[in-house]
Protein chains: 2
Amino acid sequence: MVPHLTTALTGPLKELESRILRAQPKIEHWFRSQWLKHDAPFYASVDLRNAGFKLAPVDTNLFPGGFNNLNQTFRPLAVQAATVAVEKICPEARGVLLIPENHTRNSFYLQNVAALHSILRQAGLNVRIGSLLPELEAPMQLELPDGQNLLLEPVQRRGNRLHLGDDFNPCTVLLNNDLSGGVPSVLQGVEQALLPPTYAGWATRRKTGHFAAYDGVADEFAQLISIDPWLINPYFSHVGGVDFQERAGEEVLADKVSDLLARIRTKYQEYGIEQQPYVVVKADAGTYGMGVMTVKDPSEVVGLNRKQRNKMSVIKEGMEVHDVIVQEGVHTFETVNEAVAEPVVYMLDHFVIGGFYRVHTGRGADENLNAPGMHFVPLAFEKPCNAPECDEAPDCPPNRFYSYGVVARLALLAAARELETMAEEHGE
Amino acid sequence: MVPHLTTALTGPLKELESRILRAQPKIEHWFRSQWLKHDAPFYASVDLRNAGFKLAPVDTNLFPGGFNNLNQTFRPLAVQAATVAVEKICPEARGVLLIPENHTRNSFYLQNVAALHSILRQAGLNVRIGSLLPELEAPMQLELPDGQNLLLEPVQRRGNRLHLGDDFNPCTVLLNNDLSGGVPSVLQGVEQALLPPTYAGWATRRKTGHFAAYDGVADEFAQLISIDPWLINPYFSHVGGVDFQERAGEEVLADKVSDLLARIRTKYQEYGIEQQPYVVVKADAGTYGMGVMTVKDPSEVVGLNRKQRNKMSVIKEGMEVHDVIVQEGVHTFETVNEAVAEPVVYMLDHFVIGGFYRVHTGRGADENLNAPGMHFVPLAFEKPCNAPECDEAPDCPPNRFYSYGVVARLALLAAARELETMAEEHGE
């Protein structure tokens with residue numbers, strides 16, 4: 001699959017990409033020094049938006065799905081990265097317990113679980129899949145559309161250890177479940193290493209915490225390569241005490257939206273950008289594109305109708321929304337066959353292992369592509385983002401992918417720092 | 001390029017490969033624990049022979065050429081492995097000085113230098129090429145057959161540091177020169193990190209030292225997966241005090257050849273192998289296939305004619321041969337389009353990054369394929385050897401490549417232990 005990238009790129013992005021390519025040795029040197037100071041999360045995916053004048057992360061997922069969407073040709077790269085991750089975290093690892101989301105009918109998600117299982121197995125680990133489904137009492141075999149089978153086994157707790165059956169006592173537990181509904185008791189106080197830590201789940205993690213850490217990373221990086229940090233960083237604000245059902249906090253939210261739109265407008269003027277500024281209002285603890293709305297005028301968040309209120313007030317696992325992030329909207333200027341395309345970059349440990357485009361024909365350049373019911377077409381990147389072709393133009397695909405890999409790793413570094421702060425708060 | 005592997009394999013190898021595949025988690029766990037105790041060399045290539053009943057390394061090169069023969073598709077794997085190697089050895093590395101062999105007209109070798117240069121550059125390092133050519137006084141541009149250019153610059157010594165020109169003060173020196181003629185004074189007492197260390201050069205390294213270390217590794221590994229270590233280990237003996245020109249030591253050599261042939265014969269009987277045993281006599285400090293002869297009967301090493309004596313008595317850089325290794329010959333049973341094929345596996349740090357077949361139509365299954373003037377056809381492996389496809393038969397190519405990667409890593413581990421022993425001897 002060769003993506004035909006029709007990008008309406010002029011001026012600034014090419015300039016940004018050129019600058020990133022020219023500074024490659026400096027950038028990699030800087031990343032090396034950062035990874036000596038900060039531990040990368042076990043894995044992550046980062047949603048990027050490429051606006052032509054700007055390239056920025058808009059979401060960083062610490063329990064990534066979608067490994068099945070990556071280019072199969074580069075599987076060995078994922079296997080090598082997983083090997084390094086296991087060596088660092090737990091060289092003694094033989095048995096890994098993989099705990100997925102409680103989906104048994106979402107075959108897209110199950111194919112992701114199968115891909116992760118296979119990567120870890122190819123890295124030489126014994127991997128079995130433990131389910132937190134309360135009604136699961138015996139192992140359940142699931143057949144995937146491609147004919148593969150997955151065996152879900154009920155997770156058992158014995159003392160402070162998790163087991164499967166009588167014969168699987170893993171030394172590491174890999175969570176692919178974002179714990180949106182809180183940390184279930186079976187996972188509390190477990191003595192095995194849990195990756196990522198349970199406090200990285202959405203019951204405790206906040207998007208604003210991530211982007212606050214990203215502010216610091218983006219500033220340092222921008223200084224390193226002498227660019228305006230705004231070119232890689234979307235503005236954001238936090239709004240607390242919101243209750244969409246009770247119409248509480250609407251005015252405060254409208255004020256923050258107004259402030260943010262004004263700041264974006266100033267920047268657009270500075271760079272001569274003629275598009276209309278917009279912001280995205282999202283649940284601060286959200287995922288799966290639930291509780292998300294695109295806003296071009298502050299009045300849009302006041303006096304929401306019932307449907308809008310319902311949409312915004314509850315996210316996954318029925319959690320209520322009281323805190324929101326208002327984030328600068330970054331236009332998507334990449335298209336694949338005339339459809340809007342949003343790049344998603346995957347990392348294992350601190351290595352970029354590939355990515356894909358979410359391609360969606362029914363949506364505009366300023367809309368969220370990770371919405372519920374969204375039927376995106378995954379288009380695997382042709383190249384895995386970690387190796388630029390040095391002597392070519394910045395807009396040839398391998399070099400664009402290198403820039404994507406750099407910005408995704410900035411978000412990964414922000415996540416590493418964010419988790420350090422959370423570890424202190426959680427006394428770990 | 002898809003290699004058509006016509007392998008005349010029956011019985012034991014399939015059994016050996018199955019055993020390796022079944023034990024994959026145990027094997028990877030064991031390697032992880034070994035790499036905690038031993039530092040892998042920066043890079044290595046291992047020549048393997050696949051005899052059907054036996055799969056074994058016959059040579060381990062710590063200054064590998066031939067990176068240009070690897071499958072380009074898997075370049076990102078090499079880049080990722082180089083990143084890990086640099087992080088471990090010298091995270092501060094920005095500038096790397098690559099010192100190649102003194103060849104300026106061997107375009108095959110120069111393409112290897114270009115490939116290495118490119119891998120390191122893609123890993124984000126500033127790389128320049130410094131030549132030890134005594135007559136080189138100014139930078140020399142070399143054009144390669146594919147249109148690439150290489151700039152060779154004279155290595156300069158200032159105090160205890162190596163420089164290029166006025167502006168390149170590298171922190172790491174990567175040797176791709178095997179120092180067959182001894183360590184030149186310009187490299188002695190250099191304060192920068194030299195990789196591999198100069199004592200790994202053929203002026204001090206001995207094949208018998210490597211295979212003595214391999215004996216230990218092969219025994220441990222054989223115990224781990226419950227096999228006869230002979231299935232992965234060629235017998236060998238050392239013979240010192242040889243002078244082919246003076247016909248000194250011929251009788252001792254003939255006796256050792258006779259002993260080794262007898263030991264092989266016993267094993268062949270044990271396994272019901274009907275081929276004729278043979279040994280290979282090589283310079284213990286040799287490289288480039290110089291000073292090598294294939295012997296089926298002890299009488300062949302007594303009373304050599306002038307041509308044979310000349311061939312055996314001098315290796316690269318005119319060094320005289322006084323020590324030889326007599327190594328069990330391992331038949332090559334792999335063929336590509338009816339030509340004999342010998343696999344070569346490449347590693348960066350402790351990662352297998354690919355390999356290729358030396359394919360040669362003019363030679364028999366018991367002959368050395370790395371001989372002077374040998375025009376082998378490099379055939380890149382289809383897959384990079386690090387990730388078996390778990391549910392397939394042992395003789396499908398990705399799984400065979402996994403076995404190759406395992407045996408090559410055993411030789412790499414032997415090299416790591418061999419270098420530790422040499423470091424002690426050299427007081428480092």
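Chain B of this predicted model contains an open sheet of four strands in the order β12-β15-β13-β14, paired antiparallel (strands are DSSP E runs of at least two residues, helices H or I runs of at least four, numbered from the N terminus; two strands pair if DSSP finds at least two bridges between them). β12 (236-239) and β14 (292-295) of chain B are the edge strands, each pairing on one side only. On average, neighbouring strands of this sheet are turned by 20 degrees against each other, direction ignored (axes are lines fitted to C-alpha atoms, for helices over the stretch in contact; angles run from 0 to 180 degrees between N-to-C directions). β12(B) and β15 (residues 324-328) of chain B run antiparallel and are joined by four bridges; Val239(B) stands opposite Val324(B) there.

Two helices lie across the sheet. Helix α6 (residues 250-271) of chain B lies across β12, β13, β14 and β15, at about 175 degrees to β12(B).

The contact between the chains (heavy atoms within 4.5 Å) takes 38 residues from chain A and 38 residues from chain B. On the side of chain A that touches chain B, α3(A) gives the largest share, eight residues. Across the interface the rule finds zero salt bridges (a side-chain nitrogen of Lys or Arg within 4 Å of a carboxyl oxygen of Asp or Glu).

Residues are numbered from 1 along each chain as its sequence is written, and chains are lettered from A and ligands numbered from 1 in the order in which they are written. Local features need pLDDT of at least 70, side-chain atom pairs count only at pLDDT 80 or more, and totals for chains, interfaces and linings use all residues, while side-chain values use heavy atoms, with hydrogens and water left out.
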